[in-house]
Amino acid sequence: VGSGGWLELRNVTLTRGSAHAGGCVFAAEDSKFVAVDTVFVDCTSALGGAVAGYTGSELFFKGRSLLANSTASYGGAVFGELSTTIVFANKTRIARCEASVNGGGVFARGSVVIRDRAVVTHCRASAGFGGGVYGYSASAVALNGSATIEKCSAEWG
């Protein structure tokens with residue numbers, strides 16, 4: 001997604017994507033990305049195994065979207081850079097993702113909202129912090145509406 005751009009994916013499956021940032025989707029500065037009923041599987045990247053958002057971007061996952069079996073150094077499933085907003089809602093699942101450093105499921109340098117029965121499960125940060133979600137520095141992480149982070153692990157918490 002180009003700087004200031006907008007992209008919505010509905011009922012799409014993205015498999016085995018690979019890139020330096022965002023194995024399947026990269027959202028540049030001040031862009032907006034929406035995934036509805038979309039599946040991301042087996043994606044790899046240094047930053048955000050499946051999806052990466054840069055400064056000021058907005059990333060929304062809803063409608064039973066699934067991010068699974070993806071890997072990265074930071075943010076096994078999703079990476080958000082400075083002032084990025086990331087929202088997981090409506091039964092979205094992040095499952096079996098891994099970061100070699102921080103944020104097995106999600107690495108954020110902005111805000112993360114996990115709500116409406118969204119689940120982060122069985123994710124791992126193998127050599128760092130935040131098995132499920134890692135909020136860097138002054139990041140805000142909120143869970144509500146029966147959202148759960150479960151069965152995740154990290155080397156340091």
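C24 is partly exposed in this predicted model, with a relative accessible area of 23%, and C24 forms a disulfide with C43 in which the sulfur atoms are 2.5 Å apart. A search of the whole structure finds one disulfide, while a search for aromatic pairs finds 12 of them.

**The disulfide**

- The link of C24 and C43 is left-handed, with -70° about the S-S bond, and the pair links distant parts of the chain, its two residues being 19 residues apart.
- C24 lies in the loop between strand 3 (18–21) and strand 4 (25–27), whereas C43 lies in the loop between strand 6 (39–41) and strand 7 (44–47).
- The two partners fall into separate classes of accessibility, for C43 is buried, with a relative accessible area of 0%, while C24 is partly exposed at 23%.

**Cysteines whose sulfur is too far for a bond**

- For C97 the closest cysteine sulfur belongs to C123 and is 4.7 Å away, which is too far for a bond, because a disulfide needs the two sulfur atoms within 2.5 Å.
- C97 is also buried, with a relative accessible area of 2%.
- The sulfur of C152 likewise has its closest cysteine sulfur in C123, here at 4.6 Å, and this too is too far for a bond.
- C152 counts as partly exposed, its relative accessibility being 25%.

**Aromatic rings**

- Among the 12 aromatic pairs found in the whole structure is that of F33 and F40, whose ring centres are 6.4 Å apart and whose planes stand at 70°, so the pair is edge-to-face.
- That class follows because planes over 60 degrees apart count as edge-to-face, and both members of the pair, F33 and F40, are buried.
- One aromatic cluster is formed by F26, Y54, Y74, F79, F107, F129, Y134 and Y136, and it brings together residues of both kinds, phenylalanine and tyrosine.

Note on methods: Residues are numbered from 1 along each chain as its sequence is written. This is a predicted model: local features need pLDDT of at least 70, side-chain atom pairs count only at pLDDT 80 or more; totals for chains, interfaces and linings use all residues. Side-chain values use heavy atoms; hydrogens and water are left out. Rings of Phe, Tyr and Trp (its six-membered ring) pair if their centres lie within 6.5 Å; planes under 30 degrees apart count as stacked, over 60 as edge-to-face and the rest as tilted. Buried means under 20% relative accessible area, exposed over 50%, partly exposed in between (1.4 Å probe, protein chains only). Helices (H or I, at least four residues) and strands (E, at least two) are DSSP runs, numbered from the N terminus.
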